[in-house]
Amino acid sequence: MREAAGSLRSLRELNRERVVQTLRDVGVASRADIARATGLSRTTVSSLVADLKDEGLIVERGGGRTAGAAAGQSGRPPVLIGLSRAAGVVVGIDFGKRHLAVAVSDLSHEVLAEYRREMPEDYAAEDGMDTASELVDAALDDAGARRDGVLGVGLGLPGPIHRLTGTIGSPAILPGWVGIRVADEMTARLDLPVQVDNDANLGALSEFLWGAGRTANSLAYLKVATGIGAGLIVEGRLFHGAGGTAGEIGHTTIDENGPICRCGRRGCLETFAAGPALIELLRPSLGADLTVEAVLERAYEGDPGCQRALADAGRHIGQALGNLCNLFNPERIVVGGSLGAAGDLLLDPVREAVERAAIPSAADDVEIVLGVLGQRAELLGAVGLVLHEADRTPTVDGGGPIVARATATEPA
Ligand SMILES: [Zn+2]
């Protein structure tokens, strides 16, 4: 008898965990959405939700559209619920080449506080991590949250991240960070579990969860900026490959005899289509102090040289993406990064080149669109890493089960 009661209780615990995980994944949902996502009956879901509501872990949320509403179901709109502040908060940190950003979000996916600070180029890792710790404290303060209510920290770095060690795998972008175990160091500073991923993967995750990649089950996100990188979402989850290097599309060979790339190989996509390559191409005619922003502005105003440079970059990018479509058959490709701001001046040539390089069935399946989250994409993705990928990404101290930690937290 005792054993039967025990296993009943543990089944209920397990189901409760599934309800909580579903809400953490999607932010807000109706009871019917939760039943669909978990495979549990409506009655079971309602009973578990009632318990969680009594404990103050679930609150009703207005706004938002559910899958049912999107499908055109009529009738009274369902009541949407989400995890409350008492269930905890998550922190996102984005280390860029020249900036640092921090956000605090609750588990219903609402950003409660956000900071962005410009940093000197090639700032030292120590300075970056010290500043990040200060900003995390300030953001938690603003959000009215405490460190013991933080379920996890997601952290983004602009470079390939080695999955097991959490170190940067390439010295090229942040020279002062090579060999530093950023997750360990930040865990020591914050005393919180930290997950690390690279910027393109985080851009993919945020556009998938909240941006131009919503509803696409297989998605490639392309970040075109100082470098070029891709993040891949496969069956709704981030794909990292064996060691964490998946998506390094910037180092696809375009020309075996092309310029030497910062990675040491020749003729990589980056040497033709990333920001520095465009600047190099246009400097002889437009002057030594040319910036990417100026190139985009001139291109909008109709400067034929700047338009041509963007169009050629788009064609090279499209060639690489066409190959990606043949291998991976994505439903959508979202283009972001500073050069994404060129809009159709870049995307039209990309689309044409994809049509040429991809076999018809792969080219027909893919829709190529601009990202909508702009410079917040990586930061929001760092938040998304904890909300959506916590069960799949190694963390330094493991990060306990959410409900166990949540119930230890005082209601906000
Ligand atoms: Zn390269």
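This is a predicted model: local features need pLDDT of at least 70, side-chain atom pairs count only at pLDDT 80 or more; totals for chains, interfaces and linings use all residues.

Student: Let's start with strand E5. Is E5 enclosed or open to the outside?

Tutor: Strand E5 (residues 99–106) is largely enclosed by the rest of the structure, because eight of its eight residues are buried. Both of its faces are covered. His 99, Ala 101, Ala 103 and Ser 105 are buried on one side, and Leu 100, Val 102, Val 104 and Asp 106 on the other.

Student: What does Ala 139 touch?

Tutor: Leaving out residues up to four places away in sequence, Ala 139 touches Val 102, Val 104, Ala 113 and Tyr 115. Ala 139 sits in helix H5 (residues 125–143).

Student: Why do you call Ala 139 buried?

Tutor: Because its relative accessible area is 0%, and buried means under 20%.

Student: New topic: what's the strand order in the five-stranded sheet?

Tutor: The order is E11-E10-E9-E12-E13, in an open sheet with mixed pairing. Strand E11 (237–239) and strand E13 (367–370) are the edges, each pairing on one side only. On average, neighbouring strands of the sheet are turned by 25° against each other, direction ignored.

Student: How do E12 and E13 pair?

Tutor: Strand E12 (residues 332–336) runs parallel to E13, with four bridges between them. Arg 332 has Glu 367 in E13 as its bridge partner. Helix H12 (residues 344–357) packs on the sheet and touches E12 and E13, with its direction at about 165° to that of E13.

Student: Where does helix H7 lie?

Tutor: Helix H7 (residues 199–210) lies across strands E9, E10, E11 and E12, and runs at about 45° to E10. H7 also packs against helix H14 (residues 377–389), at an angle of about 75° and with the axes 7 Å apart. The two helices are therefore roughly perpendicular to each other.

Student: What sort of residues make that H7 and H14 contact?

Tutor: They divide into 11 nonpolar, five polar and three charged. Among them are Leu 202, Leu 205 and Phe 208 of H7, and Leu 380, Val 383 and Leu 387 of H14.

Student: Last one: which residues touch the most other members of the largest nonpolar core?

Tutor: Ile 228, Ile 317 and Leu 321, out of 42 residues in that core. Helix H11 (304–328) is among the elements giving two or more residues to the core, and H11 gives the most, with 10 residues. Beyond its neighbours within four places in sequence, Ile 228 has contacts including Leu 222, Ile 249, Leu 269 and Ile 317. There is also a second, separate core of 34 residues, which includes Ile 93, Leu 140, Val 153 and Leu 157.

How values were computed
Residues are numbered from 1 along each chain as its sequence is written. Side-chain values use heavy atoms; hydrogens and water are left out. Buried means under 20% relative accessible area, exposed over 50%, partly exposed in between (1.4 Å probe, protein chains only). Contact means heavy atoms within 4.5 Å. Two strands pair if DSSP finds at least two bridges between them. Axes are lines fitted to C-alpha atoms, for helices over the stretch in contact, and angles run from 0 to 180 degrees between N-to-C directions. Angles under 35 degrees count as roughly parallel, over 145 as roughly antiparallel, 65 to 115 as roughly perpendicular and the rest as oblique. Ala, Val, Leu, Ile, Met, Phe, Trp, Tyr, Cys and Pro count as nonpolar, Asp, Glu, Lys and Arg as charged, and the others, Gly among them, as polar. A nonpolar core is a set of buried Ala, Val, Leu, Ile, Met, Phe, Trp, Tyr and Cys residues joined through side-chain atoms within 4.5 Å.
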